[in-house]
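Welcome, and thank you for taking a look at this structure. Let us walk through it together, one place at a time.

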Amino acid sequence: MPKDFTSELVACLGDPVRENPTGVMQNAAFRALGLQWQYLTIEVTPANLGDAIVGVRALGLRGANFTIPHKVAVMQHLDRVAPDAALIGAVNTVRREGDLLIGENTDGKGFLRGLRLDAGIDPAGKNAVVLGAGGAARAIVTELALAGAAGILVVNRTPERGESMVSELAGRTGAPIRFETWPASFRVPPDTDLLVNATSIGLYPEVTARPPVDWSEASGRLLVCDVVPNPPETRFLQEARDRRLQVLDGLSMLVHQGAIGFQMWTGLDAPVDVMQQALREAFAP
Ligand code: NDP
């Protein structure tokens, strides 16, 4: 009986990338389904991005994730970019169609799937506040807009970045998206249903940092979400829990965006429970 000693490969390319836990959950998922696949985490500098994508093609990788700082720059090296990734203006996942490399963005979709499946919230008709105007915020604001949020307020430290993102996404989606510059402490409006920290404040190693938020007028029905995956229990979420508010951590988004990528690469439904468990174990104290 002939044996096959090769593996199908998927890789995460970024810089820095050492703290990125995606491989833990993807490799657990491959093992759980008995697939002879491996997920590699590889540091690639911006100067080497073009060569790295030539390598992705030459080595026949079945897919890839691109993370900081490559999510925008990667688009020029691909054969096609999916319409919603083009709307967001960034790619975090690449899949193959034959020899072609297709750019997708699963960040915002993963966040929304987490909202629905893990927090039981449908964003349609809800008022959302998104803190931040970087890549994660762009993806989340776009998907909230496409899902029919009643209103989206974007709050960012650097007004130019926030204003240009909001005018671009409001124009492209036609959704009611507004911008405010972050004051010394942002007071959460009482009609907010969903508050999302989409900044990198609180990300390892700055684990004691928290977004400056005044909760005094926040409603008791507020759902507080953090995109920061490491550590999953951020100071921001601890503050929300202290106020007995419902919370959703960054592992939810990470798992669900990864599950969408897994399905794109393998054609199989991802074992989400296995992926969640692998990450919880990786982050266990
Ligand atoms: P970017 O660098 O593109 O954006 C960072 C954002 O954070 C900007 O809006 C920036 O504001 C803001 N920010 C950073 N530091 C501060 C500060 N001290 N005070 C106020 N605002 C600050 O990063 P990304 O959008 O790519 O990533 C953001 C976070 O999302 C990271 O923690 C990343 O790990 C996480 N992420 C999680 C995913 C998941 O699956 N859970 C997926 C993708 C990302 P300004 O414009 O003023 O600089």
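Let us begin with Thr-266, which touches Phe-30, Leu-35 and Trp-37, leaving aside residues up to four places away in sequence. Keep in mind as you look that this is a predicted model. Is Thr-266 buried or exposed? Thr-266 has a relative accessible area of 18%, and since buried means under 20%, Thr-266 counts as buried. The side chain of Thr-266 also makes polar contacts with the backbone. It reaches the backbone oxygen of Phe-262 at 2.8 Å, while a polar atom of the side chain of Thr-266 lies 3.0 Å from the backbone nitrogen of Leu-268.

A polar side-chain atom of Thr-158 lies 2.5 Å from a ligand oxygen. For Arg-157, a polar side-chain atom is 2.9 Å from an oxygen atom of the ligand. How much of the ligand does the protein bury? Taken alone, the ligand exposes 920 Å², and the protein buries 79% of that. The space that the ligand takes is the largest pocket.

From here, let us move to another threonine. Thr-22 is found in helix α1, which spans residues 22-32. With a relative accessible area of 4%, Thr-22 is buried, because that value falls under the 20% cut-off. The side chain of Thr-22 forms a polar contact of 2.5 Å with the side chain of Asn-20. Setting aside residues up to four places away in sequence, Thr-22 touches Tyr-39, Asn-65 and Leu-254.

Our last stops are about the backbone. Most peptide bonds are trans, and most residues other than glycine have a negative phi. With that in mind, where can you find a cis peptide bond? One joins Ile-68 and Pro-69, with omega at about 0°. Pro-69 lies in the loop between β3 (63-66) and β4 (80-81). The peptide bond from Asn-230 to Pro-231 is cis as well, and its omega is near 5°. Pro-231 has its place in the loop between β13 (223-226) and α7 (235-242).

Follow the chain on past α7 and you come to Arg-244, in the loop between α7 and β14 (246-248). Arg-244 is not a glycine, yet it has a positive phi of about 60°. Is Arg-244 buried or exposed? Its relative accessible area is 78%, and because exposed means over 50%, Arg-244 is exposed.

Conventions: Residues are numbered from 1 along each chain as its sequence is written. This is a predicted model: local features need pLDDT of at least 70, side-chain atom pairs count only at pLDDT 80 or more; totals for chains, interfaces and linings use all residues. Side-chain values use heavy atoms; hydrogens and water are left out. Helices (H or I, at least four residues) and strands (E, at least two) are DSSP runs, numbered from the N terminus. Buried means under 20% relative accessible area, exposed over 50%, partly exposed in between (1.4 Å probe, protein chains only). A polar contact is a pair of N or O atoms within 3.5 Å; within protein, one must be able to donate a hydrogen and the other to accept it, and residues adjacent in sequence count only if both atoms are side-chain atoms. Contact means heavy atoms within 4.5 Å. Accessible areas come from the Shrake-Rupley method with a 1.4 Å probe; for residues, only the protein chains shown count as cover. On a 1 Å grid over the protein atoms alone, a cavity is a set of points where a 1.4 Å probe fits but cannot get out, and a pocket is an open set with protein on both sides within 12 Å along at least five of seven lines; lining residues have an atom within 4 Å of a point. A molecule sits in a cavity or pocket if more than half of its atoms lie within 2 Å of its grid points.
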